[in-house]
Amino acid sequence: MVVILVWIATNLLVAFATSTLPGFGSDSQTDFNKIDITIKMATVGILGGGISGLSCAYYLKTLGQSKIKYICLLDKSPKFGGWIQTTRFPDGAIFEHGPRTIRVGTKAGFNALELADKLALSSRILPITREHPTAKTNFILSNNQLLPLPRDPSAFFRKVPPFSKSVIRYVFKEIRTKRSNLDDESVYSFAERRIGEEVAKYALDPMCRGVAAGDARELSVRSMLPFLYETEKNYGSIVKGILKGSRISEAQDFMQSSLVQKAYREIWRMWTLKTGLNELIDTLAGTIDERGKADLIFDAKCTNLTFKDGKADILVDNENIKVDHVFSSILLMNLLHW
């Protein structure tokens, strides 16, 4: 029992402290047969050319091709990618301005791997397995000191800075905490309620700033960390969910991909690409463009969106683009100003 609790504590803390892109894609496929009931061949506008907007365009082209006549993707930036931006230097050095890696282990993570496989990027991937030093070493910055997360089993039974309690005590608190009936709450509130304020402060808050450049006190746990939210709802406890859950349940929908099988077998924690994550963006945009019947437009300033007679009008650089459907991948706060 003690060994199991130590393993759970390790997984909880490492998951909270890892700064990486959580993956992308829906947990369930969109039913493209229902995308349009009255129009046989629809036109689509996509707002935003980050990984969400480009993935949307790719899946519409791939899964909804019998229903989609034309796609127009618009992005206000001078290049696609959103938060994913890579600078490559002549000496081979790579600097990531946004996320450095993509996590594996969730449905969204396996979906991202399957997408990379379909884009013929398998040979370009640099995996980080659970035995890799990067996956084994995580630090917390507190009071201008870099403090390693506890890894030695003996450390789980004593106080390790910056925490004032042993890790095992946090685990037992999580097990004893009752299930919440809240429909949603902040990431910080969730962690504070279930595990403790120090875990929220020293693990969850830094993670949210690293992954989403956001404040854990303002980010939705249901959106940011759906695995934790759903585990509490389904099992009443994160620890119980980890004990009862199965890795295969997250990966089973994507096991037709040889890359997903490899990642599952070798227990990848995360991955990146040889020339940076922008390689994924470039390949995704290039694939969409090559398949035709789509325009990917950057430096496009959209200022208004109106709906009338079953159509949508997008005002772009003082010109109207009329489409049947609109998919938005931009921040809601930005969309509300239109």
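**Entry 1: the whole chain**

I began with contacts (heavy atoms within 4.5 Å). Among contacts in the protein chain with a separation of 6 or more, 69% join residues 24 or more positions apart. The model is predicted, so I noted its rules: local features need pLDDT of at least 70, side-chain atom pairs count only at pLDDT 80 or more, and totals for chains, interfaces and linings use all residues. Numbering runs from 1 along each chain as its sequence is written, and side-chain values use heavy atoms, with hydrogens and water left out.

I then looked up the secondary structure. The protein chain has 14 helices and 14 strands. Both are DSSP runs numbered from the N terminus: helices are H or I with at least four residues, strands are E with at least two. Burial came next. Of the 338 residues, 45% count as buried. Buried means under 20% relative accessible area, exposed over 50%, and partly exposed in between (1.4 Å probe, protein chains only).

**Entry 2: α6 against α7**

I turned to helix α6 (residues 187-194) and helix α7 (residues 197-212). Their axes come within 8 Å and cross at roughly 150°. Axes here are lines fitted to C-alpha atoms, for helices over the stretch in contact, and angles run from 0 to 180 degrees between N-to-C directions. The two helices are therefore roughly antiparallel to each other, a label for angles over 145 degrees.

Which residues meet? From α6 I listed V187, Y188, A191 and E192; from α7, E197, A200, K201, L204, D205 and C208. The residues of this contact divide into 6 nonpolar, no polar and 4 charged. Nonpolar covers Ala, Val, Leu, Ile, Met, Phe, Trp, Tyr, Cys and Pro; charged covers Asp, Glu, Lys and Arg; the others, Gly among them, are polar.

**Entry 3: E279**

I found E279 in helix α13 (residues 278-290). Is E279 buried or exposed? E279 has a relative accessible area of 11%, so E279 is buried. Its side chain makes a polar contact with the side chain of R124, at 2.6 Å. A polar contact is a pair of N or O atoms within 3.5 Å; within protein, one must be able to donate a hydrogen and the other to accept it, and residues adjacent in sequence count only if both atoms are side-chain atoms. Leaving out residues up to four places away in sequence, E279 touches R88, L121, R124, L273 and K274.

**Entry 4: A93**

I placed A93 in the loop between β3 (86-88) and β4 (94-96). A93 is partly exposed, at 33% relative accessible area. Beyond four places in sequence, A93 touches T87 and R88. I also checked A93 against T275, 182 residues apart along the chain: their C-alpha atoms are separated by 8.8 Å.

Key:
Angles under 35 degrees count as roughly parallel, over 145 as roughly antiparallel, 65 to 115 as roughly perpendicular and the rest as oblique.
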